Amino acid sequence: MIRNDWKIEEIQEIYNSPVLELIYRAATVHRQYNDTGEVQVCTLLSIKTGGCSEDCAYCPQAARYSTGVDVHALMQKDQVLEYAAKAKAAGSTRFCMGAAWREVRDNRDFDRVIDMVKGVNEMGMEVCCTLGMLTESQAQKLADAGLYAYNHNLDTSKEYYTEIITTRTYDDRLETLDNVRKAGISVCCGGIVGLGETHADRIKMLHTLSTMPEHPESVPINALVAVAGTPLENNQKVDVWDMVKMIATARILMPKAMVRLSAGRATMSVSDQAMCFMAGANSIFTGEKLLTTPNPSFDEDQAMFNLLGITPREAFKEEKELVG
């Protein structure tokens, strides 16, 4: 049963249950609502890198930190479409474009992004963007161009949020998600594990996501990639069992969501990732980079899929099922 009325105490009980029991319960829910033999394969491209005015403590693209990330202007449309074609040929069915902006501005650069969205959409891929804060009218323009999904993560709990970011509020993030929903765009929203938050913060973030009027269609669970030069450069690597617990709890709370094993995969073994798939993850980013941080290559992921007997989920699957 799909629920949007989860209580904190219920989520806490699920999250803190014995890990093998938690995995079993999550796997049972996953099998009930999803095809466990398929994984959505996504590719993320940084179309505008670095120079961001925000102070997200984990982000190497913030202008105020010295992280060695070079600033690059917005890419040309033909470069983006060439990369999207390569991703599609390698098995990706969703292509996400990320720009290091605090918010979208109604200018020539946004018009160019609109053209990119149209171009990727015409290739038959689900097209996603992550561009920062959006107004209602900007979200509608993206929807009209064929945008399928919009990523805007909460990152952590509302209570811990100001320890990580001060240049925008938690409510700003929720407002953007509301604008995306109003435009009829699929919502991609999750968080990051390893920011220095407590288990209670993780539970609160999952509570916020799972009690939205509509669950996000995609829920990325990221492990912090600690980058030298950022305030969180000395944070310890996230334990794989923390990722498993987050993924399993998210799967139980939001049975139909694509739960994405996102940042941090580059340092995970195939067996670690297999445990995450068993716990309910059914989406990954593939390709050598996630914006500016390392990620397994297309070939590495294909070898893992062959070993585990996983096939890529086709684009627009739910829409096709509804039509059929």
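For the lining residues described here, Ala, Val, Leu, Ile, Met, Phe, Trp, Tyr, Cys and Pro count as nonpolar, Asp, Glu, Lys and Arg as charged, and the others, Gly among them, as polar. All views are drawn from a predicted model.

**View 1. The largest pocket and the residues that line it.** The largest pocket has a volume of about 510 Å³, and its lining is divided by class into 9 nonpolar, 4 polar and 10 charged residues. Of the 23 residues in this lining, Ser 186, His 215, Pro 216, Glu 217 and Glu 318 lie nearest the centre of the pocket. Helix α11, which spans residues 317–323, supplies the largest share of the lining, with 4 residues.

View 2. Rolling a probe the size of a water molecule over the atoms shows where empty space is left. When the whole structure is searched, 2 cavities of 30 Å³ or more are found, and the second largest cavity holds about 60 Å³ of space. Its lining is made up of Val 41, Ala 90, Ile 284, Thr 286, Phe 298, Asp 301, Gln 302, Phe 305 and Pro 312, which divide into 6 nonpolar, 2 polar and 1 charged. Helix α10 (residues 298–308) gives the most to this lining, with 4 residues.

**View 3. Strand β1 and its parallel partners.** Strand β1 covers residues 38–48, and because 11 of its 11 residues are buried, the strand is largely enclosed by the rest of the structure. With strand β2 (residues 94–99), β1 pairs in the parallel sense over 6 bridges, and within this pairing Leu 44 stands opposite Cys 96. The pairing of β1 with strand β9 (residues 283–285) is also parallel and runs over 3 bridges, with Cys 42 placed opposite Phe 285. Strand β12 (residues 311–312) is joined to β1 by 2 bridges, again in a parallel arrangement, and here Val 39 has Pro 312 as its bridge partner.

View 4. Ser 218 belongs to strand β7, which spans residues 218–223, and its relative accessibility of 1% is under the 20% limit, so the residue counts as buried. The side chains of Ser 218 and Arg 260 are joined by a polar contact of 3.1 Å. Not counting residues up to four places away in sequence, Ser 218 touches Arg 94, Val 187, Cys 188, Cys 189, Met 258 and Arg 260.

View 5. Leu 131 is located in the loop between β3 (126–130) and α5 (136–145), where it counts as buried at 0% relative accessibility. Once its neighbours within four places in sequence are left aside, Leu 131 is in contact with Met 97, Ala 99, Trp 101, Glu 103, Val 104, Val 113, Leu 142 and Tyr 150. Between Leu 131 and Gln 76, which are 55 residues apart in sequence, the distance in space is 16 Å from C-alpha to C-alpha.

**View 6. The backbone at Asp 155.** Most residues other than glycine have a negative phi. Asp 155, although not a glycine, has a positive phi of about 75°. The residue is placed in the loop between β4 (149–151) and α6 (170–182), and with a relative accessible area of 3% Asp 155 is buried.

Definitions and conventions:
Residues are numbered from 1 along each chain as its sequence is written. This is a predicted model: local features need pLDDT of at least 70, side-chain atom pairs count only at pLDDT 80 or more; totals for chains, interfaces and linings use all residues. Side-chain values use heavy atoms; hydrogens and water are left out. Buried means under 20% relative accessible area, exposed over 50%, partly exposed in between (1.4 Å probe, protein chains only). Two strands pair if DSSP finds at least two bridges between them. A polar contact is a pair of N or O atoms within 3.5 Å; within protein, one must be able to donate a hydrogen and the other to accept it, and residues adjacent in sequence count only if both atoms are side-chain atoms. Contact means heavy atoms within 4.5 Å. On a 1 Å grid over the protein atoms alone, a cavity is a set of points where a 1.4 Å probe fits but cannot get out, and a pocket is an open set with protein on both sides within 12 Å along at least five of seven lines; lining residues have an atom within 4 Å of a point. Grid points are joined across faces, edges and corners, and a volume is the space filled by probe spheres set on the points.
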